[in-house]
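Subject: Handover of the two-chain model

Hello,

Here is the structure I promised to pass on. Please open it first, then read my notes below.

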Amino acid sequence: MTITFQNLLPIPLKDRFLQRSSDIWNTTIQFEESAFIKIKAPSGTGKTTLIHILYLLRNDYEGAILFDSNPIKELKDFELATIRQQKLSIVFQDLRLFPDLTARENIELKRILQDPYYPKEMIDSMAAELGVTHILEQRAGLCSYGEQQRIAIIRALIQPFSWLIMDEPFSHLDNENIDRAANLIDRECKKRGAGLMITDLEHDTHFYYTRELNL
Amino acid sequence: MEGLNLLLKKLIRTASGRKRFVLAVIGLSVAMLLILAAVQIQADYNELLVSKSNQDSIANFLVVNKSLTDQNLGNTALSDSDINDLKKQPFVESIGLLSPSLFKASIQSNSDRFPFYTDIAFESVPDSFIDVAGKDWQWTENSPYIPLIVPNMFLDFYNFQFSFSQNLPQLTQQVVKMILFKVNIYGKNGMISLQGKVVGFSDRISSLLVPEEFMRWSNARFGKDQQTKPSRLIIKTKDPGNPQLTKYLHSKQLVTDAEKTRFSRYRQVVDIVVSVSWLSGAVMLAFALLVFTLFIQLTIASSKEEIGLLIILGASPYQLQKFLMRQFFPINLLIICISVIVISLLQFYTHGLLQSQGIFINVYPSIFTLLTAAILLIVIWWVNRVTIRSYIKKVN
C-alpha cells in the first residue's frame, strides 16, 4: 500500500505552517511500499497532528491523504476498522493502553481483534526479547512508562500490517532496550514487507531509513 | 471469538446501574405478561364464540320486532328500508321474514274422550331458519294433515300448569306427535276443517309454525284481501353477544329476546378487561423499553473511553454491537420465554377449571399469543439494536 500526501495542511496550524518550508506540509509526497521513513520534527511542528491525521483520528485538515489511490476521508466506519486491523499498525506517543487490563491482555486484545497473525505464544517470545516478561500479568496502568512503551510496541507488532507508524516510540527507553526494540521492529517489518514511518525529535540511526524528512 | 468477548467484558462493564437493570427487567416481564394475557383472553373468548362444542344454537337466531309503545300501536310493520338496513349490518348473516296467518283459526280435538279447543294463529319462516324440519315438514294440497312445529314452552305450559287446572293427563313430546287434531279455518265462505299434527318442538321461535307453502295457500284462499307487511323477522347471527348488535337494535327501537343477547354484557366486560390489559401492557412496555434503553445508554456512556479506544485500535462498530447485543438481548429472550411459559400454564389451569363447568377452551395457548410474543421479541431486538448502534456512533 502506498501512502500519498497531497498539499496537507492542518487547519488550526495553517497560518503558521504556510510561513515556513516543510518536506511534508503543503506539498505532495508519496511513500512507496516497504519504505522506512524517518520524520524529524522538533516540538511544535505538528508531529502528533500528522500521525493523528494519518491514522484518521482527526480530519480538520486541507488537502488529502491517499492509501493507494483512495482518499482516506471517504472511508466508511467498517473500512476504517479493517484498515486498522490489517494495514495500519500504530504506537502512539501517549501509548493508549487499557490501564485496567494486564499487559498480556492488552496485547492479546489486538492479536484477536482480527484473525490472528501470530499464535499467542508469540507474545511471550516478543516480551522475552524486549525484557518485559515479568510484567505481562501486571495491570498496564501499574507498569512504568518504559515498560508500557515496550508493551505498546509488542501490541503493534502482533497484528498484520503493511505500514507501522510510530510516534516517538523510544522516548523512555535506554540505548540497550532501544537496540532490542529496533531489531524486533526491523525484523517484523521486513517479514511483512511493510513500511515504517517513525517520528522523532532528533536524528537517529536505529534503522536504515530509505528517506529522512523534516516536518 | 470467546477470548475477545472475555476481554471486552472486562472493558465494558455492564454491572453499573444494576438497580435500573432489575427495574427494566421486572417492567418488561409484567408488560409482556399483560400483553400476552390480553391476546390469549381475546383468543379464548373468540374460540368460545365460534367453536362447535360451545355453540348455543338457539342463541344464534333472534326474532326481532319493533318495540311496542303507545305511539306505534297498530303500526309495528317493518318497512323495506328497515329490513334492507338490517341486512347490511356486519353482524347479520341472514334474515328471514315471519309471515303471520291472515285468517281466524282454531284447533280442536278429534276425540270426545280428550276434548280440547283453542283459537290460534300461525306463523311461517323460511325452512333454513328451522332447526327441527324433517321429512314430515312438507305440505301440499293433497297432504293428509298440516305439519306444525310447536315451541317447547307451549308443551311445558300445558304439562305443568294447564293439565293440572283442567284435570287433563300430562303428555310427552312423543305422545303429542302421535295426535291428529282438527284445524278449523274461518274464511270468507265459512269454515273448513283440516287435519293437523305436531311434527316437532323448537326453542328457536316462540310461535306455532306451519310450512311456508301452507301459509301461502291458506292466506291466499282464506285471508282478508289486505297485503300486510311483516312485523317480525328472524336474524341469524354468529354472535348474539355482539355489543354492536344490541346497540343497533336499541337505536332502531327494535327488540328481541333479551335473554339471548345476555352475552353482550359479558362480552363488554371481556372487552374492557382485554383493553385495560392491552393498554396497561403497552404503556408498561413503552416504559420498560425506555428504562432498558437508558440502561444500555448508561453502560455505553460509562465505558465511553474504553469503547473509544477500542475503535481507535481497530474494533469495528459491528464487533462492538455484536458484543453488546450478546450482553443485553439474552435477558429479553429469557423474559419472553418465561412469559410464554407462564401464559401456557395459566391457560392449562383455566382449561381445567372451565372444563369442570362445561366450557371448553383450548389447552394450549393460541397461535396469536405466540405470534405476539414473536413480534414483541422482534420489536425489543430492534430497539436494542438501534440504541446500541446510535450510541456507539456517538462515542465514535
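Among contacts in chain A between residues at least 6 apart in sequence, what percentage join residues at least 24 apart? The figure is 76%. Contact here means heavy atoms within 4.5 Å.

Some ground rules. This is a predicted model, in which local features need pLDDT of at least 70 and side-chain atom pairs count only at pLDDT 80 or more, while totals for chains, interfaces and linings use all residues. Residues are numbered from 1 along each chain as its sequence is written, chains are lettered from A and ligands numbered from 1 in the order in which they are written, and side-chain values use heavy atoms, with hydrogens and water left out.

**Chain A overall**

Chain A has 7 helices and 9 strands. Both are DSSP runs, numbered from the N terminus: helices are H or I with at least four residues, strands are E with at least two. The C-alpha trace spans about 50 × 35 × 30 Å along its principal axes. The radius of gyration of chain A is 17 Å, which agrees with the value near 17 Å for a compact globule of 215 residues. That radius is taken over C-alpha atoms, and the globule rule is 2.2 Å times the number of residues to the power 0.38.

Of the 215 residues in chain A, 56% are buried. Buried means under 20% relative accessible area, exposed means over 50%, and partly exposed lies in between (1.4 Å probe, protein chains only). Chain A exposes about 9200 Å², and carbon and sulfur atoms supply 48% of that area. Accessible areas come from the Shrake-Rupley method with a 1.4 Å probe; for residues, only the protein chains shown count as cover.

Now the charges. Chain A has 25 positive and 31 negative charges, and their mean positions are 2 Å apart. Lys and Arg count as positive, Asp and Glu as negative; His and the chain ends are not counted. Each charge is placed at NZ of Lys, CZ of Arg, CG of Asp or CD of Glu.

**Details in chain A**

Look at helix H3 (residues 77–86) of chain A. Its buried residues include A:Leu80, A:Ile83 and A:Arg84. What covers the buried residues of H3(A)? The cover includes E4, strand E6 (88–91) and helix H4 (103–112) of chain A, together with helix H9 (304–313) and helix H10 (317–355) of chain B.

Two loop residues have positive phi without being glycine. A:Ser34 has a phi near 65 degrees. A:Ser34 sits in the loop between strand E2 (28–31) and strand E3 (36–40) of chain A. Its relative accessible area is 36%, so A:Ser34 is partly exposed. A:Leu56 has a phi of about 65 degrees. A:Leu56 lies in the loop between helix H2 (47–54) and strand E4 (61–67) of chain A.

**Chain B overall**

Chain B has 11 helices and 10 strands. Buried residues make up 43% of the 396.

**Strands in chain B**

An open sheet of 5 strands runs in the order E5-E2-E9-E1-E10 (chain B), with antiparallel pairing. Its edge strands are E5 (123–124) and E10 (254–255) of chain B, each pairing on one side only. Two strands pair if DSSP finds at least two bridges between them.

Strand E6 (residues 146–151) of chain B is mostly covered, with 6 of its 6 residues buried. B:Ile146, B:Leu148 and B:Val150 point one way, and B:Pro147, B:Ile149 and B:Pro151 the other. E6(B) runs parallel to strand E8 (residues 190–202) of chain B, joined by 6 bridges. B:Phe201 in E8(B) is the bridge partner of B:Val150.

**Two helix residues in chain B**

Is B:Thr369 buried or exposed? Its relative accessibility is 2%, so B:Thr369 counts as buried. B:Thr369 is in helix H11 (residues 367–395) of chain B. Not counting residues up to four places away in sequence, B:Thr369 touches B:Leu36, B:Val39, B:Gln40 and B:Ile343.

B:Asp85 is in helix H3 (residues 80–88) of chain B. B:Asp85 is partly exposed because its relative accessibility is 23%.

Best wishes
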